[in-house]
Amino acid sequence: GCLKRYLLTSPIANIKISAITPLQLQQAVNELSETGLTRTVELFVLSLHQIFSAAVENSILYKDPSKKIKAPKFHKQEKRVLTEEEKAAIRSADYTPKERAFLMLGWQAGLRRGEILALRKEHIDFEKNIIHVKDNVIFKENTSEINHYTKTDAGVRDVPMPATLRAFLKTYTQSCNDHLFTTQTGEIATKSMFRRMFTSILNKTADYMPDGRKPNFTAHILRHTYATTLYYTGIDVKTAQYLLGHKNVTVTLEIYTHLKRRDTDVAEKLSAAFL
């Protein structure tokens with residue numbers, strides 16, 4: 001659906017197929033690549049190749065103008081964690097209980113955005129001190145739906161609660177009817193509700209940042225900070241994979257290897273400094 005939309009709204013959509021030039025195709029690809037949607041750009045280019053290849057095969061065109069069209073090379077953005085300034089600001093900022101609950105569940109339990117928004121009171125087990133992760137909220141265009149993980153999904157897991165998170169949730173859940181995060185009318189969280197809440201979180205965090213620095217963290221950065229904390233507290237890779245709900249251990253290994261490599265760099269730099 002997403003790809004179809006881009007094909008139909010592309011600048012080349014209204015040009016006769018026999019009149020389209022390689023330059024126009026590349027410009028259309030470059031324009032789409034500015035959205036940063038890597039996979040969509042790759043599929044867009046693939047679709048162009050298929051369309052024009054079929055046109056040549058069916059004698060609609062004698063030459064394929066898409067032959068040399070390529071998707072631009074994307075540089076994988078370095079994953080970052082919360083800075084010390086951001087952590088200090090988050091501890092001090094004047095959030096609503098709902099905003100603080102979201103932040104703590106991302107940072108101190110490593111839950112994905114959708115997993116946090118799908119949480120219900122019955123998922124929080126204060127006796128065993130764990131959060132049962134079972135569901136995930138998926139945003140559609142203007143609605144939300146809950147995706148129930150199956151027992152074989154890696155997302156199904158029991159995540160331990162640090163003391164600070166447990167104490168906060170104990171109070172917070174008392175004011176919840178069922179779901180921990182709802183709209184003002186009591187419906188499950190929507191995309192617009194989440195956006196408003198997260199904008200409010202960033203604005204309130206900004207008030208406590210030094211030198212007028214702007215926080216620009218995301219829900220995923222909270223989760224990546226949790227993953228990094230697991231590494232530094234000595235949690236092994238297989239346990240980290242389970243706690244993060246990674247389907248494939250290579251995703252967890254990528255984080256751990258990157259951090260290990262960074263540790264080595266620091267050690268080498270320090271050794272060189274004191275020679």
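Among the contacts in the chain between residues at least 6 apart in sequence, 61% join residues at least 24 apart. The model described here is a predicted one. Its secondary structure amounts to 11 helices and 5 strands. The radius of gyration of the chain is 24 Å, well over the 19 Å given by the globule rule for 275 residues, so the chain is more spread out than a compact globule. Taken along the principal axes, the box filled by the C-alpha atoms is roughly 70 × 65 × 45 Å.

Of its 275 residues, 39% count as buried. The accessible surface of the chain comes to about 16900 Å², and carbon and sulfur atoms account for 54% of this area. The charged side chains of the chain number 40 positive and 29 negative. The centres of these two sets lie 4 Å apart.

An open sheet of 3 strands has the order 1-2-5, and its pairing is antiparallel. The edges of this sheet are strand 1 (124-125) and strand 5 (157-160), each of which pairs on one side only. Strand 2 (residues 130-133) is joined to strand 5 by 4 bridges, and these two strands run antiparallel. Within this pairing, Ile 130 has Pro 160 of strand 5 as its bridge partner.

Strand 3 (residues 135-139) and strand 4 (residues 144-148) also pair in the antiparallel sense, over 5 bridges. They form a hairpin, with 4 residues between the two strands. In this pair, Ile 138 stands opposite Glu 145 of strand 4.

Glu 115 lies in helix 6, which covers residues 113-117. With a relative accessible area of 1%, Glu 115 falls under the 20% limit and is therefore buried. Leaving aside residues up to four places away in sequence, Glu 115 touches Val 133, Asp 135, Asn 136, Tyr 149, Gly 155 and Arg 157. Another arginine, Arg 166, is 51 residues from Glu 115 along the chain, and the C-alpha atoms of Glu 115 and Arg 166 are separated by 17 Å.

Backbone angles were examined as well. Most residues other than glycine have a negative phi. Asn 129 is not a glycine, yet its phi is positive, at about 65 degrees. Asn 129 is placed in the loop between strand 1 and strand 2. Its relative accessible area is 26%, so Asn 129 is classed as partly exposed, a class that lies between the limits of 20% and 50%.

A positive phi is also found at Asp 211, a residue other than glycine, where the value is near 55 degrees. The loop between helix 8 (191-206) and helix 9 (219-232) contains Asp 211. The relative accessible area of Asp 211 is 69%, which is over 50%, and Asp 211 is therefore exposed.

Conventions:
Residues numbered from 1 in each chain as written. Predicted model: local features only at pLDDT ≥ 70, side-chain atom pairs only at ≥ 80, totals over all residues. Heavy atoms only, no water. Rg over C-alpha atoms; globule rule 2.2 N^0.38 Å. Buried < 20%, exposed > 50% of the residue type's maximum accessible area, 1.4 Å probe, protein only. Contact = heavy atoms within 4.5 Å. Areas by Shrake-Rupley, 256 points an atom, 1.4 Å probe, with all protein chains shown as cover. Lys, Arg positive; Asp, Glu negative; His and termini not counted. Charge placed at Lys NZ, Arg CZ, Asp CG, Glu CD. Pairing = 2+ DSSP bridges.
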